[in-house]
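Thanks for making the time today.

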Amino acid sequence: MNRRKFLSLLALSSVTIISGCGIPNLPKDSLVVSLSNDPITLNPILASDSVSFSVIDFLFNGIIRVDEDQKIQPDLAHQINILNNGLVYRIKLRKDVFFHDGVRLTADDVVFTYEKILDPKTNTVRRSDLIVNDVPIKVLKVDDFTVDFVLPEVFSPFISNLGTGILPKHLLENQDINTSNFNFNPVGTGPFVLKKWYVADKIILEPHERYYQGKPLLKSLIIKIIPDSNSQIFSYETGEIDMVDLRPKDVSLIKEDPSSTVVFYPTKTYTYLGFNLKNHLFEDRNVRMAIAHSIDKNSLVKAVLMGYGDVLNYPTCPLDWSYPEGLWYPEYNPEKADEILDNAGWYRGPDGFRYKNNQLFRFNCLIRQGSKDREMAGVIIQQYLEKRGLKMELISLEWSSLLERLTSEKKDFDTTIMGWGLGLDPDPYSIWYSKEYPNGFNLNGYSNPEVDKLIILGRKTIDQEKRKEIYRKLYEIIVQDQPYVFLWYPKSIVAYRNWVKGLSKPGPSGLMIYPERIYVDRIEN
């Protein structure tokens with residue numbers, strides 16, 4: 001299980017630090033953290049957003065997990081054997097794993113989980129992880145604690161796709177998994193058990209007494225729902241939460257607080273301005289390129305990240321082994337942008353805005369409410385585009401509403417500023433493969449036959465250097481198509497109170513990879 005950091009995407013304001021503020025509101029032996037929104041679901045095969053996984057990862061285990069060094073390690077698996085020249089993955093399960101209700105985990109649960117993912121009736125975006133060149137992987141029970149995954153052909157990313165939380169067959173086999181109450185009252189095998197979920201208030205987790213790694217040290221893990229970033233930092237300062245993500249502008253203030261530790265670490269994430277390619281405004285690649293030439297990303301990223309991250313020009317980040325060097329990308333060039341728009345027939349009207357066939361070039365841009373870095377970026381981009389005669393309206397939406405508009409088949413948006421967290425393997429199938437629209441992560445309807453071919457070739461290729469060349473060609477085409485304007489990749493900045501112990505070393509996997517080891521040692525004033 002990959003313990004993700006809390007992706008609360010905080011935005012903080014300048015406030016007064018309360019040094020040695022004490023802990024009047026925090027329970028002894030409990031860790032209190034915050035989350036920007038309620039999860040959409042707590043079912044690991046239905047979830048598709050970082051907010052939901054921020055809770056799911058405490059409740060479930062996968063066959064594998066990712067450690068502090070971004071290496072794959074067994075989790076529910078006791079042993080993994082690769083047989084038949086890479087076409088069979090034999091998983092021998094641990095025999096000391098129990099669900100939260102006391103039922104032992106067996107091969108039946110693993111087969112059930114992956115069959116549900118493969119079931120076309122299940123509303124999951126994970127099906128492509130188990131489809132190889134349009135042929136489903138077979139999941140077979142060998143004995144009570146052994147499962148075979150049988151591949152139709154070599155599939156290089158496969159083992160990295162085995163981190164999905166395993167579901168209890170005995171609770172779900174006779175239910176509609178899409179609508180089951182289980183999705184909000186889950187039973188997993190993870191280190192913590194869901195005690196209570198007070199919607200829009202807090203989620204209370206308690207230790208799993210029979211967790212196979214040992215009962216967690218915390219008495220409880222309390223996750224407060226605090227949508228507003230400024231309120232999150234205020235809650236941290238006043239002693240209501242123990243940890244908080246920081247925006248760059250608040251680092252110097254928090255570092256002055258002797259009761260806090262501030263850590264920085266790179267993340268395998270990136271932020272982008274994405275176009276709805278089914279919108280007639282953005283069907284023309286030249287128009288998308290003009291918008292890319294209109295944005296001074298260096299100035300934008302300097303203003304938003306203040307040195308805690310960097311400009312990104314490709315659909316991957318430098319932490320990934322597939323990251324290409326030296327590819328062409330559309331640099332800031334407002335004169336070039338004007339030339340492209342003129343040639344595309346978008347003329348400037350007397351009001352300074354551009355028109356074509358008496359239609360104003362006007363569109364919306366959806367941003368998650370409370371994500372101050374993206375809201376700031378939106379305002380800056382809006383100003384750049386207005387200089388080129390393009391009118392962009394910013395719309396901030398609550399997280400669930402934003403996801404609904406982006407992921408529904410209707411795709412009710414023009415553009416959006418969003419981000420992707422990259423997996424251990426660079427396989428880009430779910431985001432860029434044409435068949436992943438409209439029900440996968442290909443949210444904007446991107447389709448390029450050559451990219452499709454390269455994605456499939458990359459999945460079939462085992463040699464990493466050969467795969468890197470394949471992905472370099474793929475990234476080059478995507479950049480030339482510019483379905484996104486790639487903006488930046490950030491560093492994560494986290495502050496926590498000095499009494500929080502047992503955290504993982506700072507790195508792309510976050511600070512809470514092993515939550516069962518975390519404890520608090522509060523010192524009362």
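I will begin with how the model should be read, then go on to the sheet, and end with the pocket.

This is a predicted model, in which local features need pLDDT of at least 70 and side-chain atom pairs count only at pLDDT 80 or more, while totals for chains, interfaces and linings use all residues. Residues are numbered from 1 along each chain as its sequence is written, and side-chain values use heavy atoms, with hydrogens and water left out.

On confidence, pLDDT is the predictor's confidence in each residue, from 0 to 100; the mean for the protein chain is 93, and 94% of its residues reach 70 or more. Over residues 1-24, however, pLDDT stays under 50, although the model has 111 contacts beyond four places in sequence for that stretch, a contact meaning heavy atoms within 4.5 Å. Where pLDDT is low, the predicted coordinates should not be read in detail.

Now to the sheet. Helices (H or I, at least four residues) and strands (E, at least two) are DSSP runs, numbered from the N terminus, and two strands pair if DSSP finds at least two bridges between them. Four strands form an open sheet with mixed pairing, in the order S1-S12-S11-S10. Its edge strands, each pairing on one side only, are S1 (30-35) and S10 (192-198). On average, and with direction ignored, neighbouring strands here are turned by 20° against each other, where axes are lines fitted to C-alpha atoms, for helices over the stretch in contact, and angles run from 0 to 180 degrees between N-to-C directions.

Helix H1 (residues 50-59) packs on this sheet and touches S1, S10, S11 and strand S12 (220-225), its direction making about 140° with that of S10.

Going through the pairs, S10 and strand S11 (residues 202-207) run antiparallel and are joined by six bridges, with Leu194 having Leu205 in S11 as its bridge partner. S1 and S12, by contrast, pair in the parallel sense over six bridges, and Leu35 stands opposite Ile225 in S12.

What about the largest pocket? Its volume is about 680 Å³. Of the 28 residues that line the largest pocket, the closest to its centre are Ile40, Leu46, Ser48, Asn123 and Thr407. A pocket, on a 1 Å grid over the protein atoms alone, is an open set of points where a 1.4 Å probe fits, with protein on both sides within 12 Å along at least five of seven lines, and lining residues have an atom within 4 Å of a point. Grid points are joined across faces, edges and corners, and the volume is the space filled by probe spheres set on the points. Helix H10 (residues 399-407) gives the most to this lining, with four residues.
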